[in-house]
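Colleague: I am new to this structure and would like to talk through its aromatic rings. Could you put it on the screen?

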Amino acid sequence: QNAAGILQGHGHYCLNEKGKEQARKLGIRLKDEKIDVAYLSDLRRAKETAAEILRFHPGTKTIFTEELRERHHGMFEGRHGSEMLAAREKTGKSYEEFLPEGGESFLQCQKRAVRFYESLVARYQAETILLVTHGALLRCLLLHIAQQPFDINNYDTYQAKNCSLTIVEVNGETSRFTLINCVKHLETFK
């Protein structure tokens, strides 16, 4: 959801000025990093973020994919997050199981993210891959990599902050975080 609490989901929303500034700072932080391939959500806000990173990496192969889209909030897209929360509470379902009409549950979102991640792990052995995606999808993926359940106690650790940087090192079938949800660059770079 955005700063106003609106669920953006699969909507093609633009970054606001703060988002553009955060993306620019992330680009500066990553300018000297090796990036072999970039996989990006095809939603506009992810494309705008990626443009700030990839301007320092003009020869990088770039692939847009729906697989990295945000969780689909169904009938609640474009509405305040509190509306979906209230609807979930009425069902008595856990937040990871709740399936909004026309959308996907967190568990379904996680299955999509994990399937995509595993395809990358199988395809790339020594390359550095950049993923530009969204908060809920990233949380689902990070929980999987960390082998952690959906749990309110895990929320802060695995909830991606806007323009945060997470680095996952993959060695065979083992994945480990070398950095998780770091936003130091948002304070460091001007």
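Colleague: Are Y39 and Y124 buried or exposed?
Modeller: Both Y39 and Y124 are buried, where buried means under 20% relative accessible area, exposed over 50% and partly exposed in between, with a 1.4 Å probe and protein chains only. Please note that this is a predicted model, in which local features need pLDDT of at least 70, side-chain atom pairs count only at pLDDT 80 or more, and totals for chains, interfaces and linings use all residues. Residues are numbered from 1 along each chain as its sequence is written, and side-chain values use heavy atoms, with hydrogens and water left out.

Colleague: How many aromatic pairs does the structure hold?
Modeller: It holds five. Rings of Phe, Tyr and Trp (its six-membered ring) pair if their centres lie within 6.5 Å; planes under 30 degrees apart count as stacked, over 60 as edge-to-face and the rest as tilted. One of the pairs is Y39 with F116, edge-to-face at 5.5 Å centre to centre and 75 degrees between the planes.

Colleague: Which parts does that pair tie together?
Modeller: Y39 lies in strand β1 (residues 37-41) and F116 in helix α4 (residues 106-123), so the pair ties together parts that are 77 residues apart in sequence. Helices (H or I, at least four residues) and strands (E, at least two) are DSSP runs, numbered from the N terminus.

Colleague: Which residues form one aromatic cluster?
Modeller: Y39, F116 and Y124 do.

Colleague: Changing topic, which ring does the charged end of R71 sit over?
Modeller: That of F106, 4.2 Å from its centre. A charge sits over a ring if NZ of Lys or CZ of Arg is within 6 Å of the ring centre and within 35 degrees of the ring normal. The charged end of K47 likewise sits over the ring of F64, 5.2 Å from its centre.
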